[in-house]
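Hello,

Here is the structure I said I would pass on. Please open it first, then read the notes below it.

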Amino acid sequence: MSVTALNKVKKKTYSPYQKKILALCFAAYVCAYLLRLNFSVANPALCDAMGFTTDKTGVISSGFLICYAIGQLVSGRLGDLIPTKIMLTVGLCVSVASNFIMGLSSNYYVMIAIWVVNGIFQSMLWSPIIKCLAQNFEGKRLISASFVMSLSCITGYILAWSMSALLRQFVSWRAIFIAPACISAVVIVCLFLFFKEDPSQYVSAVKAQ
């Protein structure tokens with residue numbers, strides 16, 4: 001293979017460092033979906049088991065969405081100031097804790113407060129991932145990595161709905177919150193141990209800033 005052909009192949013493939021970063025970001029955002037879409041599946045079961053009306057569960061959902069939207073505005077700026085690892089770890093840790101508490105709670109007002117907190121910290125996850133991709137990928141690799149990350153939304157959506165539906169049918173509504181929290185806790189440990197950005201690996205556009 002000629003040097004020119006070899007360089008073209010290298011440009012289209014990820015380095016081991018890039019593979020690790022992309023895999024961890026992908027797993028983190030799949031968990032984000034597991035930890036927020038579960039409420040939609042648990043909604044009918046909550047109404048049956050806890051005697052909530054759809055109006056009451058609607059307040060919980062609305063509180064999450066409002067705080068998530070507001071949080072996105074703030075986290076966009078925070079993502080530029082705070083390292084990606086810290087943003088992802090803190091956001092997922094609080095979201096995991098919120099799901100654990102949600103699965104153990106029976107108080108309506110506690111559920112509102114907890115799911116609002118979940119919305120705030122869920123909003124911390126996407127912005128640092130985008131920054132991380134921009135720092136560690138360029139050109140065709142960046143386009144490819146962005147496409148892979150878009151698949152995390154689809155993967156998370158499918159897993160969240162299928163897993164939550166099975167848990168609702170065969171276990172209980174509480175497991176819909178606790179099981180994703182347990183899975184995400186494992187991902188958090190992986191982030192803590194293996195997510196180590198190397199500034200020397202940043203793309204030239206970032207180095208020049």
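**Ser152 and its surroundings**

Setting aside neighbours within four places in sequence, Ser152 touches Phe26, Tyr29 and Val30. Keep in mind that the model is predicted. Ser152 belongs to helix α8, which covers residues 139-170. Is Ser152 buried or exposed? Ser152 has a relative accessibility of 0%, so it counts as buried.

**The surface patch**

Helix α8 also contains Ile158. With a relative accessibility of 52%, Ile158 counts as exposed, because the cut-off for exposed is over 50%. Ile158 is one of the residues in a nonpolar patch on the surface. The patch is formed by Phe147, Leu151, Ile154, Tyr157, Ile158 and Trp161, and together they have about 610 Å² of accessible area.

**The cysteines**

How many disulfides are there? The count is zero. Cys93 takes part in no disulfide, and the nearest cysteine sulfur to it belongs to Cys31, 11 Å away. A disulfide needs the two sulfur atoms within 2.5 Å.

Regards

Terms used: Residues are numbered from 1 along each chain as its sequence is written. This is a predicted model: local features need pLDDT of at least 70, side-chain atom pairs count only at pLDDT 80 or more; totals for chains, interfaces and linings use all residues. Side-chain values use heavy atoms; hydrogens and water are left out. Helices (H or I, at least four residues) and strands (E, at least two) are DSSP runs, numbered from the N terminus. Buried means under 20% relative accessible area, exposed over 50%, partly exposed in between (1.4 Å probe, protein chains only). Contact means heavy atoms within 4.5 Å. Patches are made of residues with over 30% relative accessible area and no salt bridge: like charges are joined within 9 Å, nonpolar side chains (Val, Leu, Ile, Met, Phe, Trp, Tyr) within 5 Å. Accessible areas come from the Shrake-Rupley method with a 1.4 Å probe; for residues, only the protein chains shown count as cover. A salt bridge is a side-chain nitrogen of Lys or Arg within 4 Å of a carboxyl oxygen of Asp or Glu.
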